[in-house]
Amino acid sequence: MKTFKMLSLGIEKEDQVTDYPVHDGIIINQENKERSWILEMLVDLPHQETFDRLKESNELIAVQVVISYPKNEPAPFEVIVKDVKVMGDHVSVLMKGTLKRARRKYAETLLSELLEDGLEGQELLERFETDMRTRPGLRKDEA
């Protein structure tokens, strides 16, 4: 097994990403035949209801996790919330799931679409940086 520090968590829903501040977190690659991962983090107490709902629904959710270094590109996972426990002023959230295959050429396709939209200069750079973090759906995917 390999462990990594989890720095941030974003939950994807309808091409929107909602970020949840992570006070402390760990992510474990179980290195098994199912290619499963365990994600555990401490989030603020006011988010308990959100994670309780996700646990009760037992639904597979798409998340983006920044691992090890703040400048790393978010890694995409599909997870199920397995446990939610209050720990003082925080909530411990345990998730299990798999790493989604990172789509190759995402950056190139995104850049191509932004250029098609007529963006250039600083506006292009800022939008590219934002979209690389939030990973919105691409038009190519909708076709």
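**Exercise 1.** State how far apart the C-alpha centres of domain 1 and domain 2 lie, and describe the contact between the domains.

*Solution.* 
Step 1. In this predicted model, 25 Å separates the C-alpha centres of domain 1 and domain 2.
Step 2. Five residues of domain 1 and five residues of domain 2 make up the contact.
Step 3. Locate the parts: domain 1 covers 3–99 of the protein chain, and domain 2 covers 102–138.

**Exercise 2.** Work out the area buried between domain 1 and domain 2, and say which residues of domain 1 lose the most.

*Solution.* 
Step 1. Interface size is often quoted as the accessible area lost when the parts come together.
Step 2. Here that area is about 450 Å². Carbon and sulfur atoms give 45% of this area.
Step 3. On the domain 1 side, the most area is lost by Asp15, Gln64 and Glu73. Together they account for 64% of what that side buries.
Step 4. Sort the residues of domain 1 that touch domain 2: two are nonpolar, one is polar and two are charged.
Step 5. Check for salt bridges between the domains: the count is zero.

**Exercise 3.** Trace the pairing of strands β5, β6 and β7.

*Solution.* 
Step 1. β5 (residues 61–67) runs antiparallel to β6 (residues 75–87), joined by five bridges.
Step 2. Threonine 98 in β7 stands opposite glutamate 78.
Step 3. Inspect the β6–β7 hairpin: two residues lie between the strands, and glycine 88 has a positive phi near 65°.

Conventions. Residues numbered from 1 in each chain as written. Predicted model: local features only at pLDDT ≥ 70, side-chain atom pairs only at ≥ 80, totals over all residues. Heavy atoms only, no water. Domains from an automatic or database assignment. Contact = heavy atoms within 4.5 Å. Buried area = accessible area lost by both parts, 1.4 Å probe. Salt bridge = Lys/Arg side-chain N within 4 Å of Asp/Glu carboxyl O. Nonpolar A, V, L, I, M, F, W, Y, C, P; charged D, E, K, R; others polar. Pairing = 2+ DSSP bridges. Helix = DSSP H or I, 4+ residues; strand = E, 2+ residues; numbered from the N terminus.
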